[in-house]
Amino acid sequence: MLARRADEEHRTASALELLFDLCFVAAVSQASSALEHEIAAGRSLDGLLGYALLFFAIWWAWMNFTWFASAYDTDDVPYRLTTFVQITGALGMAAGAADAVGHGDFTLITWSYVVMRLAMVTQWLRAAWTDRERRRSAWRYASGILVLQVGWLVRLTLPHDGGLVSFAVLAACELAVPVWAERAEGTTWHPHHIAERYGLFTLIVLGESVTAAGLAVRSALDTGEALGSVLTVALGGILTVFALWWLYFAQDAPRRLRTQATAMLWGYGHYVVFAAAAAVGAALAVNVAHATHHAGLSDVQAAATYTVPVALFIVCVWLLHRRGARLPLKADVLSPVAACAVLATTFTTFAVPATGIIATLLIGAHLVAARRDAVGP
């Protein structure tokens, strides 16, 4: 298991990585569905907290595999079998999502997470054994991950009151491991490969939002109630998803991934991007149901479940790319202004369609700004 070159030509995602993503999205889908259920039942705060904790486990396991594969994907039999173990852990997370978000029971999630992370330890040990040039980094990854898995299992035995504090401590330590490990020799991740992998996962998560909207509209059509309102909400949701896709892929991500520091910010910042994109699907389903029978939530509460994740997505993508984009001031403020406008629609009765229109106008404004910049004064 020798490191692959960071400047390797024509580096693309492998079929195994695509399978890995699809299986992880099963966990994302279940987390989104559980969040939708909790919001509809009037337990928004508890549901959001459980969703945030669960999504950390999903995102962090996916992210660690992605960056490791960018540096050490040998695609041989041991590598494939170890990846299958990680996929199995992701399916366990999907099975435990409802209990985690709805009841705060992270037992199955924790064991599934530990299985995935221990598989990652074996990958790093294999890299340490053969890649002498980067052995210290690989050993740091393996030892740091291994120690923390003991901590996650110990956490299961703690009283419920200490669960959130212990989670925060362990999560902070997990985030610190790559920073510590990369300070040794550093791994040879591939900028174009990383950008493609994150883009593919964003595509799949946004696709889940479209699926959620379709299922919600189908349910509304079956009841035959408030079809006009339902279709208006669905159209606004589709416009939003299209705009979010356009906004994300309008950026030159590989150019942004030039240094280890920017790569860390890129990888960590995508927790908000992915979590917000998945929450949009859950919120869209909630708002379709709300348009049908107005049960469980006020208009403002239902709207907030949708406008907040959309605004977070817009702002986070802007922050991740603004330094590399080097936009003039007028163009640079477009995204934060649009995010504020989206949040302002929370207090209206047409938040979802208005959000779709604002997001679409944001893309149009970016296109006009880009054209003016290309033409010059």
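The accessible surface of the protein chain comes to about 17,000 Å², and 67% of that belongs to carbon and sulfur atoms (areas are from the Shrake-Rupley method with a 1.4 Å probe; for residues, only the protein chains shown count as cover). The model is a predicted one, where local features need pLDDT of at least 70 and side-chain atom pairs count only at pLDDT 80 or more, while totals for chains, interfaces and linings use all residues. Residues are numbered from 1 along each chain as its sequence is written, and side-chain values use heavy atoms, with hydrogens and water left out.

On to the fold. The protein chain has 14 helices and zero strands, with helices (H or I, at least four residues) and strands (E, at least two) taken as DSSP runs numbered from the N terminus. The radius of gyration is 21 Å, close to the 21 Å that the globule rule gives for 377 residues, so the chain is as compact as a globular protein of that length. Here the radius is taken over C-alpha atoms, and the rule is 2.2 Å times the number of residues to the power 0.38. Along the principal axes, the C-alpha atoms fill a box of roughly 65 × 60 × 35 Å.

Of the contacts with a separation of 6 or more, 82% are between residues 24 or more positions apart, a contact being heavy atoms within 4.5 Å.

Now the charges. The chain carries 25 positive and 27 negative charges, and their mean positions are 10 Å apart. Lys and Arg count as positive and Asp and Glu as negative, without His and the chain ends; each charge is placed at NZ of Lys, CZ of Arg, CG of Asp or CD of Glu.

The structure holds 10 salt bridges, meaning a side-chain nitrogen of Lys or Arg within 4 Å of a carboxyl oxygen of Asp or Glu. One of them pairs Glu-17 with Arg-197, the closest N and O atoms being 3.3 Å apart. This pair links distant parts of the chain, with Glu-17 in helix α1 (residues 15–40) and Arg-197 in helix α7 (residues 191–223), 180 residues apart. Both Glu-17 and Arg-197 are buried.

Arg-134 forms a salt bridge with Asp-131 at 3.4 Å between the closest N and O atoms, and another with Glu-133 at 3.6 Å. Arg-134 counts as buried at 14% relative accessibility, and Asp-131 does at 5%, whereas Glu-133, at 57%, counts as exposed.

How values were computed:
Buried < 20%, exposed > 50% of the residue type's maximum accessible area, 1.4 Å probe, protein only.
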